[in-house]
Amino acid sequence: MPIVVNLDVVLAQRKMSLTELSEKVGLTMANLSILKQGKAKAIRFSTLMAICEALDCQPGDLLEYRGP
Amino acid sequence: MTTNNTPLSIKIIYYLTQFVFWVTLLGALLAVFFLGAGTLGLFKETTDTSLDIPLRLELEETGTMTAYGKTYQVEIRDAVGTFEFSGLPRRVTTVIMFGALGFLALIISVIWFFRKFIINVKQGLYFTDGNIGYLKKMSYCLLGLWIYILIISNISAGFFMSTLEFDTVQFKGSKSESGPLLFGALFIWVLSHIFSKGVKLQQEQDLTI
């Protein structure tokens, strides 16, 4: 999929672990792992909003389009 | 995804399917046992046997009906009934019984796949690859039954029409009521494709964060 999720990059910049993010946004570790590994098929606006709030970033920081 | 909130109707269908499956299997095992024993000649005391065959035949027979003080003309055009053939040689009944076993095997297969399907449904596993497989196999078996009945009814029609002779009844042909089987097979086949789409939607839903 040409949409890449840069969650690991943003987490590293914020020096935050996946467990901490999971506690902050109320998502399971399993779901966050799916998102981090780029296996997710879609992301809800509510999830994106919660992650952006928790990491103090913009959706563009998390998602990137890499064309073929 | 599993759930304990199984609807009552599904529970009833589940227990009914289990009952029908085991009773049919037991009946089939008994049939195989008696057929095997008969083939091996364990019932030597009788050389000839009788056989009950359910048939639906087109015929021509006229009669009367008396009701309310009047007499009406009645014409029988087709009839369903069990024909008892007495004094058949053992090898004839054995061949027919082997044919009936194939029919029984297909019926048991349909019930078996439906049983597996309903077990999954009872556990809350609706859209799974396994269920798609069970539905497809059920449709193949039903299609097989339809073809089987079609062939047997045509063969038996040709045979019985040329051999049956009654004093007052004139036989014209044989009918088979296997149309609903074909419809059922096609319906279940379409259902399997709907389930296939359901599996894709379920996977997308599971991977939506």
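## The cavity

There is one cavity of 30 Å³ or more here. A cavity is a set of points on a 1 Å grid over the protein atoms alone where a 1.4 Å probe fits but cannot get out.

Lining the largest cavity are A:Val5, A:Leu7, A:Leu35, A:Ile43, A:Leu48, A:Ile51, A:Leu62 and A:Leu63; lining residues have an atom within 4 Å of a point. That makes eight nonpolar residues, no polar and no charged.

## Ground rules

This is a predicted model, so local features need pLDDT of at least 70 and side-chain atom pairs pLDDT 80 or more, while totals for chains, interfaces and linings use all residues. Residues are numbered from 1 along each chain as its sequence is written, chains are lettered from A and ligands numbered from 1 in the order written, and side-chain values use heavy atoms, leaving out hydrogens and water.

## Two crossing helices

Helices α2 (residues 18-25) and α3 (residues 29-36) of chain A have axes that come within 10 Å and cross at roughly 115°. Helices are DSSP runs (H or I, at least four residues), and axes are lines fitted to C-alpha atoms, with angles from 0 to 180 degrees between N-to-C directions.

From α2(A), A:Leu18, A:Thr19, A:Leu21 and A:Ser22 touch A:Met29, A:Leu32, A:Ser33 and A:Lys36 of α3(A), where contact means heavy atoms within 4.5 Å.

## Out in a loop

A:Gln58 sits in the loop between α4 (45-55) and α5 (59-62) of chain A. A:Gln58 counts as exposed because its relative accessibility is 54%, and exposed means over 50% (1.4 Å probe, protein chains only).

How values were computed: Buried means under 20% relative accessible area, exposed over 50%, partly exposed in between (1.4 Å probe, protein chains only). On a 1 Å grid over the protein atoms alone, a cavity is a set of points where a 1.4 Å probe fits but cannot get out, and a pocket is an open set with protein on both sides within 12 Å along at least five of seven lines; lining residues have an atom within 4 Å of a point. Grid points are joined across faces, edges and corners, and a volume is the space filled by probe spheres set on the points. Ala, Val, Leu, Ile, Met, Phe, Trp, Tyr, Cys and Pro count as nonpolar, Asp, Glu, Lys and Arg as charged, and the others, Gly among them, as polar.
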